[in-house]
Amino acid sequence: MLLMHLSDVDEASWTAKLRAALGGYRVVQRGEAFNPDDVRYIFVWKPKADAFDGLTGLKAILSLGAGVDALLKHPALPDAPIVRFVDTDLSQRMSDYVVAHVTMHHRLYTRFRADQKARRWTQLYPPAASETTVGIMGMGVLGQDAARRLLPLGFALRSWSRTPKAIEGVEGFAGAEAFDSFLAGTDILVNLLPLTPETTGILNTETFGKLRRKLDGGPVIINAARGGHQRETNIASALNDGTLGAASLDVFETEPLPVNSPLWDIENCYITPHIAAISNESTGVRYFSQIIRDHEAGRPLINVVDRTRGY
Ligand code: NDP
Ligand code: OXD
């Protein structure tokens, strides 16, 4: 049996589609009558405190989110394997966000928008893409897809990951000891890391000060991963004092971003409400129903979270 436990998304719609995809396999929602001992899989997003109560026969936890940081902090998380969402549609959507914001900043949008407001005609030529280095933190599923889509646009690319990566056209840096060298050649910093104890607060004053100051207006950060990666007071100061030229933020320390956050009023801060990439129902149903079918047929689970690494 599959138990649905999706908060803040249309659980009924996912349930109907999973029932159709899984044929006779039983799929139940929280309010329905069922024996918790019979639940083999639970499909979660923002699980409540009692989500896992009584699930003695659990074989796997299926996470609608690609990021599992919040799930791993659940106080009653059972010891079952966690399968996270990995999907080409999700990657495409995230790369759409990354490419849009990288190209916007590369073409000095902040500067020309300010000039337009001031009715100022000042010709300033943006550098060629090849003269602008995009540094991607996190070279996993999403980081690699973003790199693959930025490469044909001509940007110089570098990446930072925990373990070394050899990706054609991308200069790889790995480990804490290589972080400063990675930053020193980066004009536009894109964050696609998972949120772990090691990466919490990584977007801070010290990091910003180590970025290359080549792009007109100053280096730029783009955070589409987790709000826990950023120190928002540091970002506000860096945007106001010119340490950063601009910031594109899709995620925040507190979501929704509180109305009194100073970030709302900062001209060179581009805010979106955690919409960089949404998990798509039709591809998600295909992915998770296949996971269940395969596992029920004795095949191994894929995309299982490594709990010791935290992602
Ligand atoms: P992956 O697990 O595939 O990739 C994670 C990458 O980060 C890997 O390259 C890993 O290194 C690297 N990494 C992890 N820890 C460190 C560290 N301490 N130092 C350096 N590198 C590190 O994740 P995804 O690409 O699938 O997703 C990334 C994140 O994006 C998710 O965790 C989620 O938080 C966020 N996200 C946000 C969405 C949004 O709408 N805003 C939507 C979907 C995801 P290595 O390769 O060596 O293991
Ligand atoms: C995710 C998200 O992790 O939407 O999938 O943030």
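Modeller: Let us begin with strand E11 (residues 246–249), which is joined to E12 by three bridges, the two running parallel. This is a predicted model, in which local features need pLDDT of at least 70 and side-chain atom pairs count only at pLDDT 80 or more, while totals for chains, interfaces and linings use all residues. Residues are numbered from 1 along each chain as its sequence is written, chains are lettered from A and ligands numbered from 1 in the order in which they are written, and side-chain values use heavy atoms, with hydrogens and water left out.

Colleague: What makes E11 and E12 a pair?

Modeller: Two strands (DSSP runs of at least two residues, numbered from the N terminus) pair if DSSP finds at least two bridges between them; E11 and E12 have three, so they count as paired. Within this pair, Leu249 stands opposite Ile271 in E12.

Colleague: Why are E8 and E12 said to stand at the edges?

Modeller: The open sheet has seven strands in the order E8-E7-E6-E9-E10-E11-E12, paired in parallel. Strand E8 (170–174) and strand E12 (269–271) each have a single partner strand, so one side of each has no neighbour in the sheet. From one strand to the next, the twist averages 15°, an angle between the N-to-C directions of axes fitted to C-alpha atoms, on a scale from 0 to 180 degrees.

Colleague: Which strands form the open sheet of five?

Modeller: Its order is E2-E1-E3-E4-E5, again with parallel pairing. Strand E2 (27–28) and strand E5 (82–83) are at the edges, since each has a single partner strand and is left without a neighbour on one side. E4 and E5 are joined by two bridges in the parallel sense, and Leu62 has Val83 in E5 as its bridge partner.

Colleague: How do you know which residues surround ligand 1?

Modeller: A residue is counted if one of its heavy atoms lies within 4 Å of the molecule, and 28 residues surround ligand 1, the closest being Leu142, Thr163, Lys165, Ala224 and Tyr311. Helix H5 (141–150) and strand E7 (156–161) each supply at least two residues of this shell.

Colleague: Which residues surround ligand 2?

Modeller: They are Gly65, Ala66, Gly67, Arg226, His274 and Ala277. Oxygen atoms of ligand 2 lie 2.8 Å from a polar backbone atom of Gly67, 2.7 Å from a polar side-chain atom of Arg226 and 2.8 Å from a polar side-chain atom of His274. Ligand 2 exposes 210 Å² when taken alone, and the protein buries 86% of that.

Colleague: Where does Pro256 lie?

Modeller: Pro256 belongs to the loop between E11 and E12, and the peptide bond reaching it from Glu255 is cis, with omega near -5°.

How values were computed
Helix = DSSP H or I, 4+ residues; strand = E, 2+ residues; numbered from the N terminus. Polar contact = N/O pair within 3.5 Å; in protein donor to acceptor, adjacent residues only side chain to side chain. Areas by Shrake-Rupley, 256 points an atom, 1.4 Å probe, with all protein chains shown as cover.
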